Structure formats: C-alpha cells, structure tokens
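Work through the exercises below with the model open. Try each task before you read its solution.

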Amino acid sequence: MNLFSATDRYLARLILLPLVGSLVIAAMLLVLDRMLRLFDFVASEGGPVSVVWRMLANLLPEYMSLGIPIGLLMGILLAFRKLALSSELDVLQAVGQGYNRLLLIPYIYTFALAVANLGIVGYVQPIARFSYEELRFELRSGALGASIKVGEFNRLGKDMTLRIDKSQDGGRQLSGIFVMARQSGGKSLSVAAERGQFLATDDKDVIILRLSNGTLVHDQPGFRTPRVLSFRAHDLPIDLPKMESFRRRGEKQMEQTLPELVRTGRNSAYPIATRNQARSNFHYRIAEVMMMFLLPLLAIALAVPPKRSTSALGVFVSIVMVVTYHKINEYASGLGSLGVVDPFFALWIPFALFAGLIVWMYYTIAFVPGGQPIGALDRVAGKAMKAIRSLFGQKR
C-alpha cells in the first residue's frame with residue numbers, strides 16, 4: 001500500500017528544487033562574502049592559501065543553520081505559488097484536498113530539516129566555531145607555518161633576522177637569502193646565499209635552513225678580523241619561537257554544545273552573568289529551530305496571491321518577516337545575556353507573538369472565504385506601482 005498519494009509525490013517534487021536551490025544560493029552568498037575577507041586576512045598574516053579553505057569549511061555549519069530555514073520557506077512558498085498561479089490549487093481544493101491535507105509533505109520536509117538543523121546548531125556548529133577561532137590564533141601566532149614575507153626583514157625569534165628576494169614553489173624554494181644571527185657571548189653570524197629551503201627535524205621546535213652557494217661571516221670578541229667562509233652547502237638550525245597554547249573550547253558560549261549550555265546554566269558555581277549567557281544562548285538556539293515548524297504555515301499564507309493577481313509581494317514579505325524575527329531573537333538574546341530580562345521570557349515572548357501572527361495569517365487564507373492576510377498591503381503596493389509607472393510615463 002502506497003502511503004503517499006500522487007498529489008503528495010507531485011508536491012514533494014515541486015518543493016524539492018526551490019528548497020535545494022535557495023539553500024545552495026544562500027550558503028554560496030554567505031561563503032563568498034566571507035571568502036574575500038579571509039583571503040585578505042590570510043595574505044596580511046603571510047599564511048598559506050590552503051588555510052582559507054579550512055576556515056571556510058569550519059564556517060559552513062553556521063551558514064547552513066541560516067540557509068536551511070530560508071531554503072525551507074522558499075521551497076514551500078514557491079511550490080504553492082506555482083499551484084495557485086496555475087489554478088491547480090483551486091482544483092485540489094475542489095476535490096477535497098484542503099490546506100490542512102496539503103501540509104503533510106511540507107511538514108515532512110520541516111521535521112527532517114529541523115532535526116538536521118538542531119544537530120548543526122546544537123553540536124556541529126559549536127565545535128566548528130572553536131576550530132575556526134583556533135585557526136585564526138595559529139595563523140596570527142605563526143604556528144601554521146606562515147610564509148616568509150618576500151623583500152622584508154623577518155624576525156625569527158629575538159636573535160635572528162632573515163630576508164629573501166624571491167620565493168617559489170609555495171615557499172619551499174628560496175633565493176637571494178640574507179641571514180643575521182646573534183649568539184651568546186657577543187658572537188654574530190652573517191650569511192648570504194643564492195638559494196635555500198626549510199627542512200623539518202625530529203625536534204618540532206627546531207627547523208633547518210639549508211643554504212646553497214653562499215658566504216658566511218663569523219665574528220666574536222676574540223677575533224682580530226671576522227672569519228669569512230665560502231660554501232656550497234650549509235645547514236643553519238633555527239629555533240622556532242615558543243607559541244602560547246590556545247584556550248580550551250567552551251570559554252565562549254557559542255562554542256558550547258546544548259548539553260554543555262544546560263550544565264553551565266544550572267551550575268550555581270558559575271557567576272550569574274555566565275549562567276545568564278548560557279541560558280540565553282540555549283533558548284536562542286532552540287527558538288530558532290522551533291520557528292521552522294511555523295514556516296510551512298507562513299509560506300502557504302503568503303504564497304497565494306489575490307484573485308486575478310500575480311503579485312510576488314508575499315515572497316518579499318516572507319523574507320522580511322524571517323529576517324526580522326532572526327534579528328529580534330539576536331537582540332533578545334543579548335538582553336537575556338546581560339540579565340536585563342530573564343532569558344526564557346526574552347526569547348519565547350517574541351516567538352509566541354510571531355507564532356500568533358503566523359497562525360492568524362494561515363487561518364485567514366485557509367478558513368476565511370476569500371481571505372487574504374496581506375490583501376490590504378497588496379492593494380497599497382499595487383497602487384504605488386501604478387503611480388510610479390504613470391510618473392515615469394509622463395516624464396517620457
């Protein structure tokens with residue numbers, strides 16, 4: 001026995017394409033915006049390009065948590081809008097397929113994506129965010145093996161200065177090298193070489209700079225004149241500067257998983273400010289996920305334009321409402337973290353208000369004959385567009 005009717009399967013196909021497309025486009029726009037800034041940051045720190053992709057990979061969970069609700073909303077809204085504009089929705093209602101029955105497939109999508117989003121914001125995103133911050137720290141401290149800046153004097157520790165004229169093969173082949181090193185007891189070493197390369201050793205705190213075809217000048221207090229040595233190959237050990245270790249995960253609330261936030265919020269050993277931050281972050285994440293269960297109702301309420309109209313105002317209003325709710329949630333989370341308002345009420349009162357508005361909009365479209373939740377707004381927008389057209393027509 002088939003659990004889903006032909007109408008259900010047809011609706012599932014209509015939703016899938018715009019859902020995936022909107023999700024991918026939203027994620028790509030966010031990634032491209034951050035990619036340019038990351039390239040500038042990594043280049044200014046002299047780091048390898050590969051670290052940009054690692055940092056972007058750690059940001060993907062955050063972008064997916066933002067893109068999934070938008071993709072779900074657009075998928076359902078555009079599918080029902082297509083049904084409404086082609087009069088298929090009228091036919092389905094005429095044969096007994098009401099709005100409540102048609103919500104089955106949208107809510108299957110919603111449940112699956114809400115579970116996925118809960119896993120992302122609750123577990124994956126906090127760990128990925130910590131990994132991103134750790135990469136930033138290692139890049140700034142040089143622990144990622146940042147490349148030597150060409151044409152500049154680079155300090156390696158406090159007693160060595162290095163300058164190179166050219167770097168090739170990703171920094172593995174150096175040419176035009178000058179090294180100045182100060183040693184204990186007033187000793188100094190100056191080296192100029194045609195080529196060189198860095199080599200790893202068994203000691204992670206020491207690397208070898210292997211030089212080829214150069215001149216070495218060695219001086220110390222007992223020498224009448226500095227000693228000069230020409231060489232074909234010379235290994236120069238370099239002590240890497242000590243790197244301070246990165247902080248532990250969880251010192252910031254965004255890096256804690258949901259169970260960790262619960263434990264922090266309930267633990268009286270923490271200061272009240274820390275507990276408020278943990279509680280606020282917990283309710284913020286849960287409220288964002290729970291909002292997804294209201295998106296099918298919002299999408300249907302805004303998908304169906306007034307009769308004899310093809311207005312896309314509902315698409316615009318839906319995006320504005322979701323973004324507005326997200327921003328209100330961020331502001332409420334900040335108030336809860338500061339202790340101005342109890343985190344529970346700060347996050348769930350806006351949720352209740354938006355839920356009431358969305359349920360009213362759905363009730364109007366589904367059960368009120370001729371009901372149109374944004375009918376007045378659509379009429380105002382239509383008159384405004386006519387006035388703009390007439391104004392430009394007169395100017396011509």
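This is a predicted model: local features need pLDDT of at least 70, side-chain atom pairs count only at pLDDT 80 or more; totals for chains, interfaces and linings use all residues.

**Exercise 1. Aromatic rings**

Task: Find how F344 and F345 are arranged as an aromatic pair, and decide how exposed each residue is.

Solution: 
- Step 1. Search the whole structure: five aromatic pairs turn up.
- Step 2. Take the pair F344 and F345: the centres are 5.5 Å apart and the planes make an angle of 85°.
- Step 3. An angle over 60 degrees counts as edge-to-face, so this pair is edge-to-face.
- Step 4. Check accessibility. F344 has a relative accessible area of 39%, and F345 has 47%.

**Exercise 2. Nonpolar cores**

Task: Say how many residues the largest nonpolar core has, and trace the contacts of F80.

Solution: 
- Step 1. The largest nonpolar core has 59 residues.
- Step 2. F80 is among those with the most contacts inside this core, as are I15, L72, L89, L298, I300 and L302.
- Step 3. Set aside the neighbours of F80 within four places in sequence. F80 is then in contact with L11, L89, L102, P106, I300 and A303.
- Step 4. Another core lies apart, with 17 residues, including L156, L162, L174 and A181.

**Exercise 3. The cavity**

Task: Find the volume of the largest cavity and describe its lining.

Solution: 
- Step 1. The whole structure holds one cavity of 30 Å³ or more.
- Step 2. The volume of the largest cavity is about 50 Å³.
- Step 3. Its lining has 10 residues; L302, P305, S311, G314 and I374 lie nearest the centre.
- Step 4. Sort the lining by class: six nonpolar, three polar and one charged.

Notes. Residues are numbered from 1 along each chain as its sequence is written. Side-chain values use heavy atoms; hydrogens and water are left out. Rings of Phe, Tyr and Trp (its six-membered ring) pair if their centres lie within 6.5 Å; planes under 30 degrees apart count as stacked, over 60 as edge-to-face and the rest as tilted. Buried means under 20% relative accessible area, exposed over 50%, partly exposed in between (1.4 Å probe, protein chains only). On a 1 Å grid over the protein atoms alone, a cavity is a set of points where a 1.4 Å probe fits but cannot get out, and a pocket is an open set with protein on both sides within 12 Å along at least five of seven lines; lining residues have an atom within 4 Å of a point. Grid points are joined across faces, edges and corners, and a volume is the space filled by probe spheres set on the points. Ala, Val, Leu, Ile, Met, Phe, Trp, Tyr, Cys and Pro count as nonpolar, Asp, Glu, Lys and Arg as charged, and the others, Gly among them, as polar. A nonpolar core is a set of buried Ala, Val, Leu, Ile, Met, Phe, Trp, Tyr and Cys residues joined through side-chain atoms within 4.5 Å. Contact means heavy atoms within 4.5 Å.
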